[in-house]
Amino acid sequence: MAKRFSPETKMVPFPSNAIVPERDMDSRPILEARNLGIDFGGLTAVEDFNVVVGRTEICGLIGPNGAGKTTVFNLLTKVYQPTRGTILLDGRDTYGMNTSQVSSAGIARTFQNIRLFDNLTVEDNVKLGLHNEIKYGMLGGILRMPGYWKQEKIAHQRALELLSIFDMQDMADQKAGSLPYGAQRRLEIVRALGTNPSLLLLDEPAAGMNPSETAELMENIIKIRDMFQIAIMLIEHDMNLVMGICEGIAVLNFGRIIAKGTPAEVQSNPAVIEAYLGKKKEG
Amino acid sequence: MEFLSYLISGISLGSIYAIIALGYTMVYGIAKMLNFAHGDVIMVGGYISFCVVTYLGLPGWLSVVVAMLVCTALGILIEGLAYKPLRQAPSLAVLITAIGVSYFLQNSALLIWGASPKVYTPIVSGQIEMFGGSLKISWVTVVTVVICFIIAVGLTSFISKSRMGKAMRACSEDKGAAQLMGINVNRTISTTFAIGSALAAVAGVLLCSFSPSLMPTTGSMPGIKAFTAAVFGGIGSIPGAFLGGILLGIIESLAKAYISTQLSNAILFAVLIIVLLVRPAGLLGKYVPEKV
């Protein structure tokens with residue numbers, strides 16, 4: 001799959017905002033968020049969010065409930081327009097882009113509460129991910145011109161190919177809403193991969209999964225990264241998953257990053273322990 | 001034989017309602033708004049076709065094409081100017097705007113074409129006689145039913161199989177998720193209006209071929225009945241619009257024939273009320289209870 005290396009991509013400025021600085025010092029990052037922030041009325045939900053994600057990095061965004069993790073995803077995908085700050089995707093400023101343009105530019109995501117198109121088939125869900133890859137006009141679709149058949153055939157094969165990552169080809173004709181929970185979560189990832197992203201955002205991919213399903217998911221996340229050579233950023237409460245596969249972790253509390261680093265560094269960081277467990281009583 | 005002829009004229013009238021109802025149901029399904037100006041787009045379609053035939057002297061079928069093009073442009077224009085700025089507004093605001101657009105179109109037509117009814121020349125004329133002349137079916141009836149059938153098949157396959165059709169269904173289910181697939185939601189809504197308005201033009205021509213007097217208010221009553229048909233069949237559902245439209249046409253035609261011409265509309269709406277009492281989401285609509 002062709003990846004988007006644009007010549008104008010900048011080098012990471014020193015000092016780096018990389019989660020693990022030594023990892024991405026001299027490579028062009030896929031995502032760079034600078035001083036990102038958003039206010040809802042008088043409430044500051046996210047403030048001073050600085051992060052750099054490398055091209056094939058798997059990184060985690062963790063933090064207590066309400067820390068602003070999903071808000072960060074909503075900012076990156078422009079579901080919310082940031083109040084402050086800059087988002088550079090592959091060195092390109094996403095200022096002024098809307099959600100569908102950001103999607104075309106290379107950010108894909110899944111949702112905390114699954115948001116599949118329930119009344120469409122599994123294959124059609126994936127084909128919607130491929131929406132911008134399929135090229136034929138309105139008239140071609142109504143009159144069934146040769147372009148329609150050719151493009152639909154390519155889309156069909158591509159959809160099955162993507163579904164085969166999770167061994168889901170057999171479910172292609174089922175309605176997405178009728179799939180079991182775990183399969184729906186996997187389908188969301190497949191659909192997101194259909195948009196040919198260079199950065200995949202996973203919002204609590206292991207929510208509601210049992211330990212063996214989670215273990216399988218961990219393998220699959222690594223497999224996807226290796227196969228597609230993309231960066232993956234995930235929000236997750238399952239610490240086994242986060243510590244097991246993330247190369248870098250950023251910890252968010254009350255909308256601010258309180259710690260960044262490797263899993264080991266983050267685990268032993270006093271501020272993180274305090275955020276999760278509360279302050280130790282003096283005396 | 002008499003019954004058969006009433007039934008056939010009912011189906012044909014119902015086909016027109018069905019074509020109009022599609023515009024309501026598609027727009028509701030995707031933009032979640034009731035476009036009450038839809039009935040007046042039908043009227044504009046009728047006038048355009050009338051003008052093309054009368055003033056330009058072009059053949060009837062060409063006037064349909066011109067009417068479709070003009071109404072498509074009108075639909076996109078109305079959506080872009082009146083509804084798009086209100087995308088985030090409460091649905092009541094959009095509803096009032098739609099009523100405003102409806103009056104605007106009616107009064108513009110009044111200004112351009114005047115209040116006196118124009119006599120529309122049906123695009124097809126003549127009739128078929130069957131069973132030794134005891135059953136007469138006009139060609140307009142046949143053409144209407146055939147066109148409705150073609151639209152039904154074409155639209156269903158477009159919505160279920162093509163890229164744009166799937167994008168429409170995705171937008172109707174979850175606009176946020178659809179945008180994250182790289183689907184341009186605004187353009188999808190525009191396209192929906194374009195299709196609905198093009199169909200309205202076809203309906204306008206067929207309607208005027210049935211009752212050849214054309215006035216600025218021609219579209220409002222069929223518009224309201226077609227909206228009823230859409231609700232009757234389950235608003236948001238395309239097969240529902242067809243079913244609702246045709247059933248409504250048959251009920252109206254039979255009520256006129258066997259009960260009372262004056263009461264036909266009252267009977268029609270009484271049936272609607274009864275159906276909605278039993279099936280609140282319409283015949284084919286899915287009732288989704290709100291989660292608390």
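Chain B has 11 helices and four strands; helices here are DSSP runs of H or I with at least four residues, strands are E runs of at least two, and both are numbered from the N terminus. The radius of gyration of chain B, taken over C-alpha atoms, is 19 Å, close to the 19 Å that the globule rule gives for 292 residues, so chain B is as compact as a globular protein of that length. That rule is 2.2 Å times the number of residues to the power 0.38.

This is a predicted model: local features need pLDDT of at least 70 and side-chain atom pairs count only at pLDDT 80 or more, while totals for chains, interfaces and linings use all residues. Residues are numbered from 1 along each chain as its sequence is written, with chains lettered from A and ligands numbered from 1 in the order in which they are written.

| Property of chain B | Value |
|---|---|
| C-alpha trace along its principal axes | about 60 × 45 × 35 Å |
| Buried share of the 292 residues | 49% |

Buried means 20 or more other C-beta atoms within 10 Å of a residue's own, exposed means 12 or fewer, and partly exposed is in between, with C-beta atoms placed from the backbone.

Now over to chain A. Helix α5 (residues 146–163) of chain A has 18 residues. In α5(A), the buried residues are Y148(A), Q151(A), A155(A), A159(A), L162(A) and L163(A). They cover an arc of only 105 degrees around the axis, which puts them on the same side of α5(A); the arc is that of the directions from the helix axis to the C-beta atoms. P146(A), W149(A), K153(A), Q157(A) and E161(A), on the other side, are exposed.

Conventions
Expected span 1.5 Å × (residues − 1).
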